[in-house]
Amino acid sequence: MKTLKIVTLGLFLTASWVFCGVFASYSVGGLLTQADQVVVATVRNSSSSAQTLSLDLIVSRTLKGMRL
Amino acid sequence: MVQTSSTITASHLAGRTGLWFLQQSGTGLVVLPLMAGDISENDLYLPVPSGTLAPGFSYDISAASKTKLIQEIGAAAQDTTTAGAISRLATMRVFADLGSDALPMFGQLTASPQTATMAMGLAGQIRLGLPSALNTMVNSNMGALPPDVQSQFANSVCEYRNTDAGGVAALGVLLGLQYLDSVRACATHALREIHSQQTLPLLEKLLEDKSPTIRYDAVIGIAQFAIGFPVARMEDKKAAVAGFTPGPNFTSDMYPHYPAMDLFFKNEQEYISYWKTWLAAHPAQ
């Protein structure tokens with residue numbers, strides 16, 4: 001079990017300011033293809049600043065990518 | 001430049017366990033969330049139980065990524081702490097592109113003594129077009145099930161696509177007035193999209209239904225049969241329609257009687273009457 005440090009989260013919001021709500025869900029098969037690393041992990045620490053969220057993840061299982 | 005949603009609170013994430021999809025970006029990793037738009041912490045990852053995987057869902061380290069993913073979803077669906085979230089994601093079609101590879105996992109869930117888990121398995125099988133799952137649902141005492149379970153079943157029936165005679169007959173049963181309106185509407189929608197020969201008598205009867213939406217779906221189903229539209233799963237429909245050429249029954253007056261919903265509601269009887277006449281003229285159809 002290892003810690004995956006500082007995962008920077010980028011979420012691009014819709015350009016429309018009147019928009020409110022989730023407008024689409026992705027399918028996990030597509031996400032699996034798109035992702036470089038897929039892990040089961042627990043968030044140890046999280047913080048946000050300058051509209052960026054950072055996470056420390058404790059990885060317990062690796063489904064795709066480098067074994068952590 | 002990256003931005004976080006205003007509805008995400010960093011402190012809410014500490015201690016949460018989940019399955020994270022990460023993409024390399026420069027020297028770091030970026031989370032690929034499950035949803036797009038103004039999302040919350042819950043939409044960043046797939047919730048899975050902490051600790052070791054439940055028996056029946058463990059996997060070999062050398063297994064394919066997709067196999068591991070399916071097993072993780074199965075374990076999460078069976079765990080009481082994550083089952084609700086997995087059920088919500090299933091309804092939102094987040095697992096739709098796993099395809100028939102997920103059938104064994106859904107089969108395992110149907111054996112669960114917990115009603116919600118069993119229902120999730122059955123709903124998954126129905127979405128993938130398994131007639132036996134539809135029949136199991138019909139033969140269960142649906143009225144006695146919690147409303148959220150009934151709703152889950154209804155959603156899955158909407159996605160059922162299989163011309164199998166037993167499955168179509170089961171959809172016919174679900175049109176009964178004893179079922180929730182949402183179940184009847186979804187059974188009609190499935191019949192509309194299956195639009196095989198066997199569905200026609202059922203769709204014809206639905207032209208007189210009390211629900212305007214059901215009457216509309218009945219018209220569209222009959223029209224799709226007559227025009228010769230291919231039967232396709234929800235995710236394949238766009239491609240199927242793009243490569244489509246009308247069938248041998250097609251006549252040029254059919255398209256003007258294949259209405260958008262708003263046009264249908266403005267002049268229902270014109271469309272209903274047209275397709276009743278067409279069915280009467282094509283008894284062998």
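In this predicted model, the largest nonpolar core comprises 92 residues, among which Trp20(B), Phe95(B), Ile126(B), Val157(B) and Val219(B) touch the most other members. Helix H10 of chain B, spanning residues 212–227, supplies the largest share of this core, with nine residues. When neighbours within four places in sequence are left aside, the contacts of Val219(B) are with Leu207(B), Phe264(B), Tyr271(B), Ile272(B) and Trp275(B).

Within chain B, E1(B) runs antiparallel to strand E2 (residues 28–31), to which it is joined by four bridges, with Gln23(B) standing opposite Val30(B). These two strands form a hairpin in which two residues lie between them, and Gly26(B), located in the turn, has a positive phi of about 65°. E1(B) is also paired in the antiparallel sense with strand E4 of chain B (residues 46–47) over two bridges, and here Gly18(B) has Pro47(B) as its bridge partner. Across to chain A, six bridges join E1(B) to strand E3 (residues 37–49) of that chain, the two strands running antiparallel, and Phe21(B) in E1(B) is found opposite Val38(A).

Chain A itself contains four strands and one helix, arranged along the sequence in the pattern β-β-α-β-β. Of its 68 residues, 28% are buried, and among the contacts in chain A with a separation of 6 or more, 59% are between residues 24 or more positions apart.

Key. Residues numbered from 1 in each chain as written. Chains lettered and ligands numbered in written order. Predicted model: local features only at pLDDT ≥ 70, side-chain atom pairs only at ≥ 80, totals over all residues. Buried ≥ 20, exposed ≤ 12 C-beta atoms within 10 Å, placed from the backbone. Contact = placed C-beta atoms within 7 Å. Core = buried A, V, L, I, M, F, W, Y, C linked by C-beta atoms within 7 Å. Pairing = 2+ DSSP bridges.
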